[in-house]
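Here are my notes on the two-chain question you raised.

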Amino acid sequence: MPDRLPDRAAIRAEADRLFSALQETGAQAVEADILLPAGALLDLYGEDIRARAYVTQDPIRGEMMLRPDFTVPVVQMHMAHGAEPARYCYRGEVFRKQDHIGARASEYLQVGYEVFAREAPATADAEAFALFHRLLAPLELRPATGDMGILLAAVRGLHTTDRRKAALLRHVWRPARFRALLDRFAGRTAPPPARLRLLDRLRSDTPEALMQAAGPFIGLRTPEEVAARARSLIEDSAAPPVSHREAALLDDLLAVSGAAPEALARLQDIAASLPSIAPAVGRFSDRLSALAALGIDTAALPFQASHGRSTLEYYDGFVFSFHADRPDWPPVASGGRYDALTAVLGQGRSIPAVGGVIRPGLVAALRAAP
Amino acid sequence: MTLKIGVPSKGRLMDRTFAWFGARGLTMRQSGSEREYSGSIDGLDGAELVLLSASEIPRELSAGRIHLGVTGSDLVRDRLADWDMQVAELAPMGFGQADLIIAVPAAWIDVDTLDDLDAVAAAFRAVHGHRLRIATKYHRLVRDFLAGQGVADYQLVDSLGATEGTVKNLTAEAIADITSTGETLRANHLKTLFDGLVHRSEATLYAARAADWTPAARAALADLARRTGLVPPALP
């Protein structure tokens, strides 16, 4: 980052100011441990977070992690003993290893706000966005919005096998792999030669015979698992490709980008041919009304259907961020809806949730800038 | 201040390094007994030989305690964040070649590509309740490679030796390791993925950007570059 960050006292004061403003909305202030059990976080994010988080060993509690974000501990706290609906705010340090030389901080403050509510998701989305918009208004940041729910609905609605849909859904957050899978499922690219050879051999031999010929079986993955996947590959090769029409509609959807009203019109057009996205597009429309009711100029609000695809993979609906006009800066604030995450962490229970965080260090830097 | 050149302190890597410089008219030799880790270089004024373990050379280059260093490109790229901002590659040296590859059990007839590995990782996690483990000592290289390829639902487990045995010992499901002929892989009933080449490693001569490049060190480097036909790097 080109600018030097203001001193810690100035950043702390900015965090306090933002935190007070959130409390004034009636949100309940909550705390989270800095040292968190690593298990739940690693299970959720895998190597992505292991590379970014400070992991350490506790002699009694096992593998622990310096808090990489607040969302997971706040969701866990709410799922354990939260009343409904609930609005929380928090403030504190988060820790992220930086694997690149440069000025990005590995320890910084976050101030956040989360809403857990079963009713009126469009209103809750608008409330979170409008609140951040109001707090950050003097900084003239550039907002960005998207909706992961529309893309997820489009994939779920494809006329193809459940296995293919599951593979695509798993990689919605990894655009390159998603593209490769879609191209293969749609028959736009040929399967790799090794796959064709395997399918050829499976025409005359059983998976068991091929395994026997390949050598002794080692490791935890069982011969039954290998045989099951071999059979699923045969099934998949017999399944018809995703139609060119549907694949093209998905491409069109991913390319939607512009002011929110135009994006909505474009998505409604696509929904006429891809009816599975109609409910999600309806929610987008409701959200725009709710945002307008809260005083947001939706006519100029940018919307990108692919916004949020390269973030941590828990947002599954509305996504938003606010950007300063500085190259190399991360977003000054970001957030979104994460309904599915509450189910993963809720041990059988779930509740719709939306929220986000602001980085007071960046806010203070912008305020200090001439 | 002399130009400090870090070279591997033992074995074939040291011999080949000495031979590489020798073929260019610069005689390197270990001083004193074979156990003493210091050496000398004839025919180059103002240069000093520092004998180090090949695995320590990336760190010494990063800290700028040596000006030049010979080590495997796998070690530099794995151990140093933004390696090309910390060191300049002067010359690949034509020996110490080995490939960092991803390998799985040969009996996994359904897995030949990263795409297969990724699909199997998802299914494995659902069945076994934990992520598919890949044993390696090259965490940064392997993680960056798999992230770039969009592979998910795996975890890296640290393996400092006998990595090929981890699958049989049930401490990993796959490995990422250095191989030159593939014989050890075959002996351990493993096979390489078709697109599983993470990095093609080779002994390489590096210059440390953070070293103290005094006029004397620069003069010695210019002399060395002229004698070996190398293009000296742009240094701060």
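1. A term to start with: "buried" stands for under 20% relative accessible area, "exposed" for over 50%, and "partly exposed" for what falls in between, using a 1.4 Å probe and the protein chains only. Keep in mind that this is a predicted model, where local features need pLDDT of at least 70, side-chain atom pairs count only at pLDDT 80 or more, and totals for chains, interfaces and linings use all residues. As for bookkeeping, residues are numbered from 1 along each chain as its sequence is written, chains are lettered from A and ligands numbered from 1 in the order in which they are written, and side-chain values use heavy atoms, with hydrogens and water left out.

2. Chain B on its own. Its secondary structure comes to eight helices and twelve strands; these are DSSP runs numbered from the N terminus, helices being H or I with at least four residues and strands E with at least two. The C-alpha atoms fill a box of roughly 65 × 35 × 25 Å along the principal axes. Of the 236 residues in chain B, 57% count as buried. The accessible surface of chain B is about 9,700 Å², with 50% belonging to carbon and sulfur atoms (Shrake-Rupley method, 1.4 Å probe; for residues, only the protein chains shown count as cover).

3. Contacts within chain B. Take the contacts (heavy atoms within 4.5 Å) between residues at least 6 apart in sequence: 69% of them join residues at least 24 apart.

4. How much of each chain takes part in the interface? On chain B 45 residues are in contact with 38 residues of chain A. The buried area is about 3,400 Å², and carbon and sulfur atoms give 54% of that. Buried area here is the accessible area (1.4 Å probe) that two parts lose on being put together, summed over both.

5. Polar links across the interface. There are 19 residue pairs in polar contact between chain B and chain A, both residues at pLDDT 80 or more. A polar contact is a pair of N or O atoms within 3.5 Å; within protein, one must be able to donate a hydrogen and the other to accept it, and residues adjacent in sequence count only if both atoms are side-chain atoms. On the chain B side, the elements giving two or more residues are H4 (83-86), H5 (114-128), H6 (139-148), E9 (154-158) and E11 (190-201). The largest share, eleven residues, comes from H5(B). By type, this side of chain B divides into 22 nonpolar, nine polar and 14 charged residues. In that count, Ala, Val, Leu, Ile, Met, Phe, Trp, Tyr, Cys and Pro are nonpolar, Asp, Glu, Lys and Arg are charged, and the others, Gly among them, are polar.

6. Asp43(A) sits in helix H2 (38-45) of chain A and Arg125(B) in helix H5 of chain B, so the pair joins two chains. Asp43(A) is partly exposed at 42%, and Arg125(B) is partly exposed at 22%. Another bridge joins Asp153(B) to Arg170(A), with the closest N and O atoms 2.7 Å apart.

7. Salt bridges inside chain A. Arg118(A) and Glu84(A) meet at 2.8 Å. Arg118(A) lies in the loop between E6 (107-116) and H5 (121-136), and Glu84(A) in the loop between H4 (71-81) and E5 (86-95), so the bridge ties together parts 34 residues apart in sequence. Arg118(A) is partly exposed at 43%, as is Glu84(A) at 42%. Arg179(A) also bridges to Asp251(A), at 3.0 Å. That pair links helix H8 (175-185) with helix H12 (244-255) of chain A, 72 residues apart.

8. Is Asp110(B) buried or exposed? With 0% relative accessibility, Asp110(B) counts as buried. Asp110(B) is found in the loop between E7 (98-105) and H5 of chain B, and its side chain makes a 2.7 Å polar contact with that of Arg221(A). Leaving aside neighbours within four places in sequence, Asp110(B) has contacts that include Leu198(A), Val226(A), Leu233(A) and Val120(B).

Methods:
A salt bridge is a side-chain nitrogen of Lys or Arg within 4 Å of a carboxyl oxygen of Asp or Glu.
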